[in-house]
Amino acid sequence: MNIWLQFLLLILGFVMLIKGADWFVDGVAGIAERFGIPQIVIGLTIVAMGTSAPEAAVSINAALSGSADITIGNIVGSNIFNVLVILGITSIITPIAVKKNTLRIEIPFMIAISVVLLVMGLLSERLGLLCGIILWVLFLAYLVYLYFTARKDKQEVSEAQKGASIPVLIFLAVLGGALVVFGSDFTVDSASAIAAHFGMSERFIALTIVAFGTSLPELVTSITAAVKGKTDIAVGNIVGSNIFNILFVLGTSCLITPVLFQRNFLVDASVALGAAILLLLCVLRKKKLTRPGGILMVLCYAGYFAYLILG
């Protein structure tokens with residue numbers, strides 16, 4: 001098939017993933033609100049998981065289709081991109097304040113589960129049911145933590161949820177879910193075809209192009225928030241997304257089907273761990289991520305990208 005058509009399908013897949021996740025969250029959260037489900041529960045589950053929907057759809061689809069490199073590469077690549085590029089660029093635009101809980105608990109927890117992922121990869125090239133159970137136990141513990149720490153926070157309802165009727169919300173949820181599923185098909189298939197055409201590995205494609213595409217929602221949200229001066233939750237959102245990627249996305253993938261963790265990914269998992277530690281070091285003293293830290297992060301990603309190309 002024409003390679004330009006594959007690039008077009010890849011872009012189409014990204015668009016479907018992003019809009020699909022957006023509509024799915026609006027629809028399901030709106031329905032939940034109509035049935036009296038507390039906003040905190042909606043925020044902690046539907047909305048929070050919605051930001052990881054592109055990564056989840058692509059990674060699970062890739063695992064089922066046998067494209068193991070895309071499964072692990074998308075998760076690890078997205079986590080690296082989220083910290084080094086998204087937070088890096090955002091903090092270059094404007095300093096990002098870090099909440100106390102994010103600094104004391106969530107960033108260290110992200111570091112801890114990054115270590116867990118690296119250890120799993122060191123111990124076995126095949127992450128199966130046991131790994132999935134371990135990750136899901138940690139995920140449920142994280143949800144319990146979120147529930148108790150967020151009880152005081154009020155989740156805002158989007159305009160789409162406020163004004164829409166139940167049939168419209170159901171339509172949004174179904175359409176959004178379908179777009180995420182079909183978008184993940186396009187993304188995995190076209191990414192694999194592009195890799196094969198240019199003689200590149202699925203690992204490289206997953207760690208760069210696919211990781212960038214599935215991280216677009218976080219990128220747009222963070223930069224928009226920076227421009228508007230609303231950066232107080234930016235670090236927390238990115239850290240939360242990274243935690244969801246490892247515990248929910250990879251955990252679910254492992255429960256559905258064994259996921260291969262090839263030796264090459266030990267380097268990438270180490271970079272993801274290093275990025276998490278770098279974030280903690282950059283915000284530890286001033287309780288905020290400033291421009292020098294952001295520049296350092298972007299430079300680190302540039303070095304990692306150069307390693308991927310030369311390697």
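T102 lies in helix 5, which spans residues 100-123; helices here are DSSP runs of H or I with at least four residues, strands are runs of E with at least two, and both are numbered from the N terminus. The structure is a predicted model, in which local features need pLDDT of at least 70 and side-chain atom pairs count only at pLDDT 80 or more, whereas totals for chains, interfaces and linings use all residues. Residues are numbered from 1 along each chain as its sequence is written, and side-chain values use heavy atoms, with hydrogens and water left out.

With a relative accessible area of 4%, T102 is buried, where buried means under 20% relative accessible area, exposed means over 50% and partly exposed lies in between, as computed with a 1.4 Å probe on protein chains only. The side chain of T102 makes a polar contact with the side chain of E106 at 3.0 Å; such a contact is a pair of N or O atoms within 3.5 Å, of which, within protein, one must be able to donate a hydrogen and the other to accept it, and residues adjacent in sequence count only if both atoms are side-chain atoms. When neighbours within four places in sequence are left aside, T102 is in contact with I107, P108, V235, G236 and V239, contact being defined as heavy atoms within 4.5 Å.

Two further buried residues were examined in other helices. N245, found in helix 11 (residues 234-256), counts as buried because its relative accessibility is 0%. Although N245 and N79 are 166 residues apart in sequence, their C-alpha atoms are 7.6 Å apart in space, and the side chains of N245 and N79 make a polar contact at 2.9 Å. S190, placed in helix 8 (residues 166-198), has a relative accessibility of 0% and therefore also counts as buried. The side chain of S190 reaches the backbone nitrogen of L10 at 3.5 Å, and, not counting residues up to four places away in sequence, S190 touches Q6, L9 and L10.

Helix 6, which comprises residues 129-149, has 21 residues and reaches 30 Å from its first C-alpha to its last, close to the 30 Å expected at 1.5 Å a residue, the expected span being 1.5 Å times one less than the number of residues. The buried residues of helix 6 are C131, G132, L135, F139, Y142, L143, Y145 and L146. Seen down the axis of helix 6, these buried residues fall within an arc of 160 degrees, so they line one face of the helix; the arc is that of the directions from the helix axis to the C-beta atoms. An α-helix has 3.6 residues a turn, so residues three or four places apart point the same way. On the other side of helix 6, L129, L130, V137 and F148 are exposed. I134, also in helix 6, counts as partly exposed at 36% relative accessibility, and its C-alpha atom is separated by 8.7 Å from that of L247, which is 113 residues away along the chain.

For the chain as a whole, the secondary structure comes to 13 helices and four strands, and buried residues make up 52% of the 311 residues. Of the contacts with a separation of 6 or more, 86% are accounted for by residues 24 or more positions apart. The mean pLDDT of the chain is 81, and 83% of its residues reach 70 or more, pLDDT being the predictor's confidence in each residue, from 0 to 100.
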